[in-house]
Amino acid sequence: MKASYFGCMGYAERDRFPSGWPVAPAHHDPEVSLRSYQEGMEECELAEDLGFDWISLSEHHYSGNRTTPNPAVMAAAVAERCRSARIALLGQLLPINNPVRVAEEIGMLDNLTGGRLVAAFMRGTPSEDQVYDLNPSEGRGRLIEAMDLVLKALTEPEPFSWEGRYYQYRTVSVWPWPVQRPLPPLIVATRSADTVRFAASRRLGLGISYEHPDDMAGIVDDYRRWSDEAGWQPGADDIVYRGGICLAETDEKAHALRDRVHAAGGGRGMNIGRSLAQAVQAARSERPTTAPDPPVSNPPSGGAPRTQLNFVGSPDTVAEQLRAYHERCGVGVVDLAFQQPGLNHEDVMAEIELFGREVLPRIHEF
(Lines give C-alpha, C1' and ligand atoms only; values in the text may rest on other atoms or scores of the structure.)
Protein backbone atom coordinates (compact mmCIF):
# COMPACT_ATOMS: atom_id res chain seq x y z
CA MET A 1 0.00 0.00 0.00
CA LYS A 2 1.29 3.46 -0.91
CA ALA A 3 0.75 6.76 0.88
CA SER A 4 0.00 10.13 -0.67
CA TYR A 5 0.29 13.45 1.15
CA PHE A 6 -2.66 15.71 0.31
CA GLY A 7 -1.17 19.18 -0.07
CA CYS A 8 -4.16 21.23 1.06
CA MET A 9 -2.14 24.48 1.31
CA GLY A 10 -4.68 25.67 3.87
CA TYR A 11 -4.66 29.26 5.06
CA ALA A 12 -2.89 29.16 8.43
CA GLU A 13 -5.56 31.12 10.34
CA ARG A 14 -8.64 29.59 8.71
CA ASP A 15 -10.09 28.59 12.09
CA ARG A 16 -10.81 32.30 12.62
CA PHE A 17 -13.21 32.43 9.66
CA PRO A 18 -16.96 32.29 10.22
CA SER A 19 -18.48 29.01 9.11
CA GLY A 20 -19.91 28.69 5.65
CA TRP A 21 -18.98 29.07 2.00
CA PRO A 22 -17.78 31.20 0.29
CA VAL A 23 -15.16 32.75 2.55
CA ALA A 24 -15.13 36.53 2.20
CA PRO A 25 -11.86 37.94 0.73
CA ALA A 26 -11.88 40.45 3.60
CA HIS A 27 -10.43 37.70 5.81
CA HIS A 28 -7.31 37.43 3.65
CA ASP A 29 -4.04 38.75 5.09
CA PRO A 30 -1.19 38.77 2.53
CA GLU A 31 1.49 37.99 5.12
CA VAL A 32 -0.47 35.04 6.50
CA SER A 33 -1.15 33.82 2.97
CA LEU A 34 2.53 33.87 1.98
CA ARG A 35 3.45 32.02 5.17
CA SER A 36 0.70 29.48 4.59
CA TYR A 37 1.99 28.50 1.15
CA GLN A 38 5.55 28.21 2.45
CA GLU A 39 4.41 26.03 5.33
CA GLY A 40 2.43 23.89 2.91
CA MET A 41 5.53 23.45 0.75
CA GLU A 42 7.58 22.45 3.80
CA GLU A 43 4.98 19.81 4.66
CA CYS A 44 5.15 18.38 1.13
CA GLU A 45 8.95 18.28 1.27
CA LEU A 46 8.94 16.52 4.63
CA ALA A 47 6.43 13.95 3.37
CA GLU A 48 8.65 13.18 0.40
CA ASP A 49 11.77 12.96 2.58
CA LEU A 50 9.99 10.43 4.82
CA GLY A 51 9.03 8.18 1.92
CA PHE A 52 5.49 9.23 0.94
CA ASP A 53 4.95 7.92 -2.58
CA TRP A 54 2.71 10.69 -3.93
CA ILE A 55 2.08 14.38 -3.25
CA SER A 56 -1.46 15.34 -4.28
CA LEU A 57 -3.18 18.62 -5.12
CA SER A 58 -6.87 19.33 -5.78
CA GLU A 59 -8.95 22.14 -7.23
CA HIS A 60 -11.07 24.09 -4.75
CA HIS A 61 -12.53 27.59 -4.84
CA TYR A 62 -13.52 30.41 -2.49
CA SER A 63 -12.14 28.61 0.56
CA GLY A 64 -9.31 28.99 3.03
CA ASN A 65 -9.22 25.25 3.74
CA ARG A 66 -7.86 24.41 0.28
CA THR A 67 -6.16 27.42 -1.32
CA THR A 68 -5.58 25.73 -4.68
CA PRO A 69 -8.04 27.20 -7.21
CA ASN A 70 -5.59 26.22 -9.98
CA PRO A 71 -4.08 22.88 -8.98
CA ALA A 72 -1.93 22.71 -12.11
CA VAL A 73 -0.04 25.82 -11.03
CA MET A 74 0.32 24.40 -7.53
CA ALA A 75 1.48 21.05 -8.89
CA ALA A 76 4.19 22.72 -10.98
CA ALA A 77 5.45 24.61 -7.94
CA VAL A 78 5.47 21.52 -5.72
CA ALA A 79 7.23 19.48 -8.44
CA GLU A 80 10.17 21.87 -8.30
CA ARG A 81 10.58 21.22 -4.58
CA CYS A 82 9.70 17.50 -4.56
CA ARG A 83 11.82 15.65 -7.10
CA SER A 84 11.10 11.95 -6.48
CA ALA A 85 7.47 11.48 -5.36
CA ARG A 86 4.75 11.24 -7.96
CA ILE A 87 2.80 14.49 -8.37
CA ALA A 88 -0.89 13.63 -8.25
CA LEU A 89 -3.34 16.13 -9.72
CA LEU A 90 -6.42 14.84 -7.86
CA GLY A 91 -7.74 16.76 -9.61
CA GLN A 92 -9.15 19.35 -11.94
CA LEU A 93 -12.92 19.94 -11.89
CA LEU A 94 -13.76 19.07 -15.49
CA PRO A 95 -17.32 20.46 -15.75
CA ILE A 96 -16.20 24.00 -14.90
CA ASN A 97 -13.00 23.92 -16.97
CA ASN A 98 -12.12 23.88 -20.66
CA PRO A 99 -11.28 20.20 -21.30
CA VAL A 100 -8.73 21.03 -24.01
CA ARG A 101 -6.94 23.30 -21.55
CA VAL A 102 -7.03 20.46 -19.00
CA ALA A 103 -5.41 18.10 -21.54
CA GLU A 104 -2.72 20.69 -22.27
CA GLU A 105 -1.98 21.13 -18.57
CA ILE A 106 -1.71 17.36 -18.07
CA GLY A 107 0.75 17.19 -20.97
CA MET A 108 2.82 20.09 -19.66
CA LEU A 109 2.93 18.76 -16.11
CA ASP A 110 3.98 15.28 -17.17
CA ASN A 111 6.88 16.85 -19.06
CA LEU A 112 7.81 19.21 -16.22
CA THR A 113 7.80 16.35 -13.70
CA GLY A 114 9.80 14.01 -15.92
CA GLY A 115 6.92 11.57 -16.26
CA ARG A 116 5.83 11.55 -12.59
CA LEU A 117 2.29 12.83 -13.05
CA VAL A 118 -0.90 11.12 -11.90
CA ALA A 119 -4.15 12.90 -12.82
CA ALA A 120 -7.79 12.58 -11.86
CA PHE A 121 -11.08 13.68 -13.36
CA MET A 122 -13.55 15.16 -10.86
CA ARG A 123 -17.11 16.44 -10.86
CA GLY A 124 -16.68 18.75 -7.84
CA THR A 125 -19.01 19.72 -5.02
CA PRO A 126 -22.42 21.34 -5.62
CA SER A 127 -21.19 24.68 -4.25
CA GLU A 128 -18.39 24.80 -6.82
CA ASP A 129 -20.89 24.70 -9.67
CA GLN A 130 -21.46 28.35 -8.77
CA VAL A 131 -17.83 29.36 -9.30
CA TYR A 132 -18.10 29.68 -13.09
CA ASP A 133 -21.90 29.60 -13.40
CA LEU A 134 -22.30 25.95 -14.31
CA ASN A 135 -25.86 24.73 -14.69
CA PRO A 136 -25.91 21.91 -12.07
CA SER A 137 -28.17 19.77 -14.25
CA GLU A 138 -25.40 19.66 -16.88
CA GLY A 139 -22.57 18.70 -14.55
CA ARG A 140 -22.72 14.93 -14.98
CA GLY A 141 -23.09 15.08 -18.75
CA ARG A 142 -20.29 17.60 -19.10
CA LEU A 143 -18.00 15.45 -16.95
CA ILE A 144 -18.50 12.32 -19.06
CA GLU A 145 -18.15 14.12 -22.38
CA ALA A 146 -15.12 16.07 -21.19
CA MET A 147 -13.37 12.89 -19.99
CA ASP A 148 -13.70 11.34 -23.45
CA LEU A 149 -12.48 14.55 -25.05
CA VAL A 150 -9.40 14.74 -22.81
CA LEU A 151 -8.58 11.08 -23.48
CA LYS A 152 -8.77 11.62 -27.24
CA ALA A 153 -6.76 14.85 -27.05
CA LEU A 154 -3.94 13.00 -25.26
CA THR A 155 -3.86 10.01 -27.63
CA GLU A 156 -4.98 11.16 -31.12
CA PRO A 157 -1.83 11.73 -33.25
CA GLU A 158 -3.55 14.02 -35.78
CA PRO A 159 -5.58 17.22 -35.33
CA PHE A 160 -9.30 16.50 -34.98
CA SER A 161 -12.59 18.33 -34.56
CA TRP A 162 -15.12 17.70 -31.81
CA GLU A 163 -18.87 18.13 -32.09
CA GLY A 164 -20.47 17.06 -28.83
CA ARG A 165 -23.50 18.06 -26.83
CA TYR A 166 -21.59 20.42 -24.55
CA TYR A 167 -18.29 21.03 -26.33
CA GLN A 168 -17.54 22.01 -29.91
CA TYR A 169 -14.03 22.57 -31.26
CA ARG A 170 -13.04 23.10 -34.86
CA THR A 171 -9.48 21.94 -34.21
CA VAL A 172 -7.86 20.08 -31.31
CA SER A 173 -4.11 19.40 -31.48
CA VAL A 174 -2.60 19.21 -28.00
CA TRP A 175 1.07 20.03 -27.45
CA PRO A 176 3.03 18.75 -25.63
CA TRP A 177 1.90 15.19 -25.26
CA PRO A 178 2.66 13.50 -21.92
CA VAL A 179 5.98 11.73 -21.45
CA GLN A 180 4.20 8.62 -20.14
CA ARG A 181 2.70 6.67 -23.02
CA PRO A 182 0.07 5.86 -23.92
CA LEU A 183 -1.16 7.94 -20.95
CA PRO A 184 -0.13 8.91 -17.43
CA PRO A 185 -2.06 7.08 -14.70
CA LEU A 186 -5.58 8.55 -14.84
CA ILE A 187 -8.26 8.22 -12.17
CA VAL A 188 -11.96 9.04 -12.06
CA ALA A 189 -12.83 10.45 -8.64
CA THR A 190 -16.40 9.29 -8.14
CA ARG A 191 -18.84 7.09 -6.26
CA SER A 192 -21.70 7.35 -8.79
CA ALA A 193 -22.52 4.21 -10.75
CA ASP A 194 -22.42 5.82 -14.20
CA THR A 195 -18.98 7.32 -13.76
CA VAL A 196 -17.65 4.24 -11.96
CA ARG A 197 -18.74 2.26 -15.00
CA PHE A 198 -17.13 4.84 -17.29
CA ALA A 199 -13.81 4.43 -15.43
CA ALA A 200 -13.98 0.66 -15.79
CA SER A 201 -14.88 0.79 -19.47
CA ARG A 202 -11.99 3.17 -20.27
CA ARG A 203 -9.46 1.29 -18.13
CA LEU A 204 -9.06 4.22 -15.75
CA GLY A 205 -8.43 4.14 -12.01
CA LEU A 206 -11.04 4.82 -9.33
CA GLY A 207 -10.75 7.41 -6.58
CA ILE A 208 -13.14 7.56 -3.61
CA SER A 209 -13.15 10.02 -0.70
CA TYR A 210 -14.40 9.82 2.89
CA GLU A 211 -16.48 6.63 2.55
CA HIS A 212 -16.82 3.90 5.16
CA PRO A 213 -14.95 0.78 3.97
CA ASP A 214 -18.14 -1.29 3.82
CA ASP A 215 -19.75 1.22 1.45
CA MET A 216 -16.58 1.59 -0.55
CA ALA A 217 -16.24 -2.18 -0.90
CA GLY A 218 -19.57 -2.33 -2.74
CA ILE A 219 -18.48 0.41 -5.16
CA VAL A 220 -15.17 -1.35 -5.80
CA ASP A 221 -16.94 -4.66 -6.39
CA ASP A 222 -18.98 -3.03 -9.17
CA TYR A 223 -15.86 -1.39 -10.58
CA ARG A 224 -14.01 -4.72 -10.71
CA ARG A 225 -16.98 -6.47 -12.29
CA TRP A 226 -17.33 -3.82 -15.00
CA SER A 227 -13.55 -3.85 -15.54
CA ASP A 228 -13.70 -7.60 -16.07
CA GLU A 229 -16.44 -7.08 -18.64
CA ALA A 230 -14.14 -4.58 -20.37
CA GLY A 231 -11.36 -7.17 -20.51
CA TRP A 232 -8.97 -5.98 -17.81
CA GLN A 233 -8.43 -5.95 -14.05
CA PRO A 234 -7.29 -2.91 -12.03
CA GLY A 235 -3.91 -2.98 -10.32
CA ALA A 236 -3.21 -1.81 -6.79
CA ASP A 237 -2.47 1.79 -7.79
CA ASP A 238 -5.79 2.00 -9.65
CA ILE A 239 -7.81 2.15 -6.41
CA VAL A 240 -7.19 5.35 -4.45
CA TYR A 241 -8.82 6.47 -1.23
CA ARG A 242 -8.74 9.96 0.29
CA GLY A 243 -9.39 10.47 4.01
CA GLY A 244 -8.58 12.82 6.86
CA ILE A 245 -6.22 11.85 9.67
CA CYS A 246 -5.39 12.79 13.26
CA LEU A 247 -2.31 10.85 14.40
CA ALA A 248 -0.50 10.99 17.75
CA GLU A 249 1.70 8.78 19.95
CA THR A 250 -1.34 7.37 21.77
CA ASP A 251 -5.04 6.95 21.05
CA GLU A 252 -5.86 9.40 23.81
CA LYS A 253 -3.63 12.12 22.35
CA ALA A 254 -5.05 11.53 18.87
CA HIS A 255 -8.55 11.78 20.31
CA ALA A 256 -7.59 15.13 21.83
CA LEU A 257 -6.35 16.34 18.44
CA ARG A 258 -9.64 15.30 16.89
CA ASP A 259 -11.52 17.27 19.56
CA ARG A 260 -9.47 20.35 18.69
CA VAL A 261 -10.38 19.92 15.03
CA HIS A 262 -14.08 19.65 15.84
CA ALA A 263 -13.91 22.65 18.17
CA ALA A 264 -12.36 24.68 15.34
CA GLY A 265 -15.17 23.74 12.96
CA GLY A 266 -13.69 20.66 11.30
CA GLY A 267 -16.59 18.46 12.40
CA ARG A 268 -19.58 20.74 11.83
CA GLY A 269 -22.64 18.75 10.88
CA MET A 270 -20.74 15.47 10.59
CA ASN A 271 -21.62 12.12 12.07
CA ILE A 272 -18.85 10.77 14.28
CA GLY A 273 -19.76 7.09 14.16
CA ARG A 274 -18.63 4.70 16.85
CA SER A 275 -16.00 5.83 19.32
CA LEU A 276 -12.28 5.28 19.18
CA ALA A 277 -12.44 3.14 22.30
CA GLN A 278 -15.03 0.86 20.69
CA ALA A 279 -12.92 0.47 17.56
CA VAL A 280 -9.79 -0.35 19.52
CA GLN A 281 -11.69 -2.85 21.69
CA ALA A 282 -13.09 -4.54 18.58
CA ALA A 283 -9.62 -4.80 17.11
CA ARG A 284 -8.07 -6.25 20.26
CA SER A 285 -10.75 -8.57 21.55
CA GLU A 286 -13.97 -8.98 19.59
CA ARG A 287 -12.43 -9.45 16.15
CA PRO A 288 -8.74 -10.09 16.63
CA THR A 289 -8.14 -11.31 13.08
CA THR A 290 -10.06 -8.56 11.31
CA ALA A 291 -9.01 -4.93 10.88
CA PRO A 292 -11.29 -2.49 12.74
CA ASP A 293 -13.64 0.00 11.21
CA PRO A 294 -12.28 3.54 11.07
CA PRO A 295 -13.52 5.14 14.30
CA VAL A 296 -14.56 8.46 12.84
CA SER A 297 -16.62 7.81 9.77
CA ASN A 298 -20.17 7.41 8.57
CA PRO A 299 -22.00 4.14 9.24
CA PRO A 300 -22.49 2.00 6.13
CA SER A 301 -25.58 2.72 4.06
CA GLY A 302 -27.02 4.89 6.79
CA GLY A 303 -27.46 8.06 4.79
CA ALA A 304 -25.62 10.13 7.40
CA PRO A 305 -23.18 12.81 6.24
CA ARG A 306 -19.63 11.60 5.58
CA THR A 307 -17.01 12.89 7.99
CA GLN A 308 -13.62 14.07 6.81
CA LEU A 309 -11.76 12.42 9.67
CA ASN A 310 -11.44 8.74 8.87
CA PHE A 311 -8.18 7.77 10.58
CA VAL A 312 -7.74 8.72 14.23
CA GLY A 313 -5.40 7.14 16.74
CA SER A 314 -1.91 5.95 17.54
CA PRO A 315 0.37 4.46 14.84
CA ASP A 316 -0.90 0.97 15.75
CA THR A 317 -4.54 2.01 15.51
CA VAL A 318 -4.16 3.98 12.29
CA ALA A 319 -2.19 1.19 10.63
CA GLU A 320 -5.07 -1.20 11.36
CA GLN A 321 -7.64 1.29 10.09
CA LEU A 322 -5.65 1.58 6.85
CA ARG A 323 -5.44 -2.20 6.64
CA ALA A 324 -9.26 -2.30 6.63
CA TYR A 325 -9.40 -0.25 3.44
CA HIS A 326 -6.66 -2.31 1.85
CA GLU A 327 -8.18 -5.69 2.69
CA ARG A 328 -11.87 -4.89 2.23
CA CYS A 329 -11.62 -2.49 -0.70
CA GLY A 330 -8.31 -3.24 -2.39
CA VAL A 331 -7.04 0.28 -1.79
CA GLY A 332 -3.50 0.54 -3.13
CA VAL A 333 -2.93 4.26 -2.49
CA VAL A 334 -4.27 6.23 0.47
CA ASP A 335 -4.31 10.02 0.09
CA LEU A 336 -4.18 11.64 3.53
CA ALA A 337 -5.25 15.12 4.60
CA PHE A 338 -3.21 16.02 7.69
CA GLN A 339 -4.07 19.71 7.59
CA GLN A 340 -7.19 20.23 9.67
CA PRO A 341 -8.82 23.30 11.24
CA GLY A 342 -7.44 23.96 14.70
CA LEU A 343 -4.05 22.37 13.97
CA ASN A 344 -1.03 24.53 13.25
CA HIS A 345 2.00 23.92 11.05
CA GLU A 346 3.99 22.39 13.90
CA ASP A 347 1.16 19.96 14.67
CA VAL A 348 0.99 18.86 11.04
CA MET A 349 4.76 18.46 10.72
CA ALA A 350 4.79 16.31 13.87
CA GLU A 351 2.01 14.10 12.48
CA ILE A 352 3.80 13.67 9.15
CA GLU A 353 7.02 12.77 10.97
CA LEU A 354 5.24 10.21 13.15
CA PHE A 355 3.40 8.69 10.19
CA GLY A 356 6.60 8.43 8.17
CA ARG A 357 8.49 6.72 11.00
CA GLU A 358 5.82 4.48 12.50
CA VAL A 359 3.02 3.88 9.98
CA LEU A 360 4.44 4.15 6.48
CA PRO A 361 6.88 1.21 6.79
CA ARG A 362 3.98 -1.00 7.93
CA ILE A 363 1.54 -0.12 5.17
CA HIS A 364 4.25 -0.50 2.55
CA GLU A 365 4.16 -4.17 3.53
CA PHE A 366 0.41 -4.57 2.87
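pLDDT is the predictor's confidence in each residue, on a scale from 0 to 100. I'm working with a predicted model here, so I looked that up before anything else. The chain averages a pLDDT of 88, with 89% of its residues at 70 or more. Residues 267-306 are another matter: pLDDT there is below 50, though the stretch still has 95 contacts in the model beyond near neighbours in sequence.

Next entry, helix packing. I took H4 (residues 139-153) and H5 (residues 193-201) and got an angle of about 5°, with the axes 11 Å apart. Angles under 35 degrees count as roughly parallel, so I've put H4 and H5 down as roughly parallel to each other. On the H4 side I noted Arg-140, Leu-143, Ile-144, Met-147 and Asp-148, which meet Asp-194, Thr-195 and Phe-198 of H5. That contact splits into four nonpolar residues, one polar and three charged.

Most residues other than glycine have a negative phi, and most peptide bonds are trans. I found a cis bond from Trp-21 to Pro-22, omega near 0°; Pro-22 sits in the loop between strand E1 and helix H1. Arg-181 to Pro-182 is also cis, omega near 5°, with Pro-182 in the loop between strands E6 and E7. Arg-203 isn't glycine but has a positive phi, near 60°, and I located Arg-203 in the loop between H5 and strand E8.

Last entry, the second largest pocket. I have its volume as about 310 Å³. There are 18 lining residues, with Val-23, His-28, Tyr-62, Ser-63 and Gly-64 nearest the centre. I sorted the lining into nine nonpolar, eight polar and one charged.

Definitions and conventions: Residues are numbered from 1 along each chain as its sequence is written. This is a predicted model: local features need pLDDT of at least 70, side-chain atom pairs count only at pLDDT 80 or more; totals for chains, interfaces and linings use all residues. Side-chain values use heavy atoms; hydrogens and water are left out. On a 1 Å grid over the protein atoms alone, a cavity is a set of points where a 1.4 Å probe fits but cannot get out, and a pocket is an open set with protein on both sides within 12 Å along at least five of seven lines; lining residues have an atom within 4 Å of a point. Grid points are joined across faces, edges and corners, and a volume is the space filled by probe spheres set on the points. Ala, Val, Leu, Ile, Met, Phe, Trp, Tyr, Cys and Pro count as nonpolar, Asp, Glu, Lys and Arg as charged, and the others, Gly among them, as polar. Axes are lines fitted to C-alpha atoms, for helices over the stretch in contact, and angles run from 0 to 180 degrees between N-to-C directions. Helices (H or I, at least four residues) and strands (E, at least two) are DSSP runs, numbered from the N terminus. Angles under 35 degrees count as roughly parallel, over 145 as roughly antiparallel, 65 to 115 as roughly perpendicular and the rest as oblique. Contact means heavy atoms within 4.5 Å.
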